[in-house]
Amino acid sequence: MVAFGKKLKQRQIEEWQGYYINYKLMKKKVKQYVHQIEVGTQDRRHVLKDFSRMLDSQIEKIVLFLLEQQGLLASRIAKLGEKHDALQNRPEISQISELREAYRDVGRDLLKLLFFVEINAIGLRKILKKFDKRFGYRFTDYYVKTRANHPYSQLQQVFKHVGIGAVVGAVSRNLHELQDRQGSYLSIYDQPSLPLQDPVIDSIKAAVDRLTHSTNFLNFMAQHALIMQEELPTPVGEQVDDQRYHFMSLILNLANTFLYMVNTYIIVPTADDYSLSLGAAATVCGVVIGSMAVAQVFSSVYFSAWSNKSYFKPLIFSSIVLLVGNTMYALAYDLNSIWVLLAGRLFCGLGSARAVNRRYISDCVPLKIRMQASAGFVSASALGMACGPALAGLLQTNFKIYKLTFNQDTLPGWVMAVAWLIYLIWLWISFREPSHETEENQIPQESNAERMENDSLEEGLKQPLLISSEDKQEDEDGDQDYDESEEAVEESRRPATSIGSAYRLLTPSVKVQLLIYFMLKYAMEILLSESSVVTTYYFGWSTSKVAIFLACIGLTVLPVNIVVGSYISNMFEDRQILLASEIMVFVGIVLSFHIIVPYSVLQYVCSGLIMFVSAEVLEGVNLSLLSRVMSSRLSRGTYNGGLLSTEAGTLARVIADGTITLAGYLGESRLLNITLLPSLLICIASIVATCFTYNSLY
């Protein structure tokens, strides 16, 4: 990745160059401090004092210029206000148009100022993180806490953009009044429900949202989806081409996500009964459920590669394969063949287009709504996960048409086949393939690991100055000098070309995050896939009761993410939430063991909820951290960070489902404890790895 200093220089507004943060100077000072301490010519106390003074000076320079520019904008608005007042009595169309354009010019200059603030905020955050990493302790905490809450804080001027709100309000109000509304001058205060249709105001609102962090929950959900985003904001005139965006295509993309998750979990309540009806053991349900994940290990790779060239064709292929797979799953009953059943589920896995779903959002959705689209991806997945078992619980009937049997075992296959057929027709009629620029003509996106897999969103400053994940691999971006060769720059931009090369780019902290992801997916799959067998054996539950239990568990996903994204993540650091969630998953697993006789419904339900909810919290925080610590080279190409995390989660599901089937040979009475034991061991390993990794970093 190109050094931030060089990137900063390229993005600076020419006439304001002398007022930006001097990132190059401060980076050199950090190197000097390290050298001075190593040779013993300087002590840490003096270094902290000198660096604090330098930061204060840089921030003061930024703030004074910011106030000066706000004053100039306010002066221009005041003069335009006089002209506006003069037009109240004798409005002339030409003068109104001229005045409206003048206000737009002020709005464009305001956007430049917001862009100026964003770049400086990113620069300050980066240099603080670099200082922390070089010296091994949390200077950032000290600096931000002592400056941000002081009554004379200049840091607040940068990060809370004091005074800009008044300028935004003045421009918005006057442009609203100058709109052509059949001669009526309506105020934004009179009709607040009417949106102001002006692209300048839309851009200003998006920029202000980025600075105020008003999208905390959406940001959390988007990172849960692991979708990538460019760190440096784009100034006026460099906006992403919105021609690639098509609303109905986005809806179809999210519908594909929803239907696939329904397809994954709709068979869980009845897979054991279906296996028994075909002459296999009930625990073969693990192989039946897991065969879809086995195929997904391979489909994720070729769909990720296919999405480099097209979105429409892989979605069509996915729909056809899923239609065939579900039909085979339904026909297995009348054919009395467990192999047809397994082949049908394998076909369903081969149709997993989640890599395309994420890539479409990352590449084709405008930055101003990409965060919402990414949150929609997570929501669609969660809703599908809850609807699948619930739908299975409703399909409790038994009848025949000719030689085809329709019962609780086959209806999930028939219903999903019809759903994919309808979706295929809708897709063929409504989807619009966006234009694909060739790789040679594209300017490589400079992305850091704050924008990963869904493989996101509002450009610019996604994170506050004080970030809890300091071990993000960004020093390959910060340690390069201005005079580095173009060959070295190109080399550092190249995406990974294979799974092996992608793995070699992983830092120890990223490997720990992937281990945590593997652990939580394994534990969740064990809980969900064996629920029908376990509850039937211990409690005699019917298919409807199992479906209700699974649906209720699935419905906790969105409320949990709302609470974590909106409240908990603002109260605690991510690494603290991470460790606490791992411990709670451990508690849930321990409570699930059948040690106390008799094994009660209360014990099973409560322990399952603790495990599942904790795993959901852990997944969101883990992916949020993963999106920040992964190398930028893994943000592009076929073998990206999103693919790695997907493969880790899919492998966990495959191994978990295989464990259920293997444990079944020892008898259903031992199934619960034997399958929980690997979950417990992996959970302990992830907790130890987390403690060791973060203790070494902090």
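**Aromatic rings and packed helices**

Mentor: Tyr537, Tyr538, Phe539, Trp541, Phe549, Tyr599 and Tyr604 form one aromatic cluster. This is a predicted model, where local features need pLDDT of at least 70, side-chain atom pairs count only at pLDDT 80 or more, and totals for chains, interfaces and linings use all residues. Residues are numbered from 1 along each chain as its sequence is written, and side-chain values use heavy atoms, with hydrogens and water left out.

Trainee: How many aromatic pairs does the structure hold?

Mentor: Rings of Phe, Tyr and Trp (its six-membered ring) pair if their centres lie within 6.5 Å. Planes under 30 degrees apart count as stacked, over 60 as edge-to-face and the rest as tilted. The number of aromatic pairs in the structure is 32.

Trainee: Which class of pair do tyrosine 538 and phenylalanine 539 make: stacked, edge-to-face or tilted?

Mentor: Their ring centres are 6.1 Å apart. Their planes stand at 45 degrees, so the pair is tilted.

Trainee: And which class do tyrosine 599 and tyrosine 604 make?

Mentor: The centres of these two rings are 6.3 Å apart. The planes are at 70 degrees, so the pair is edge-to-face.

Trainee: Is tyrosine 604 buried or exposed?

Mentor: Buried means under 20% relative accessible area, exposed over 50%, and partly exposed in between (1.4 Å probe, protein chains only). Tyrosine 604 has 4% relative accessibility, so tyrosine 604 is buried.

Trainee: How do the directions of H12 and H13 compare?

Mentor: Helices are DSSP runs (H or I, at least four residues), numbered from the N terminus. Axes are lines fitted to C-alpha atoms over the stretch in contact, and angles run from 0 to 180 degrees between N-to-C directions. The axes of H12 (residues 285–306) and H13 (residues 312–335) come within 12 Å and cross at roughly 165 degrees. Angles under 35 degrees count as roughly parallel, over 145 as roughly antiparallel, 65 to 115 as roughly perpendicular and the rest as oblique, so H12 and H13 are roughly antiparallel.

Trainee: What is the angle between H13 and H14, and how far apart are their axes?

Mentor: H14 covers residues 338–350. H13 and H14 pack at about 165 degrees, with their axes 7 Å apart.

Trainee: Which way do H13 and H14 cross, left-handed or right-handed?

Mentor: A crossing is left-handed if the near helix is turned anticlockwise from the far one by less than a right angle, and right-handed if clockwise. The crossing of H13 and H14 is left-handed.

Conventions. Helix = DSSP H or I, 4+ residues; strand = E, 2+ residues; numbered from the N terminus.
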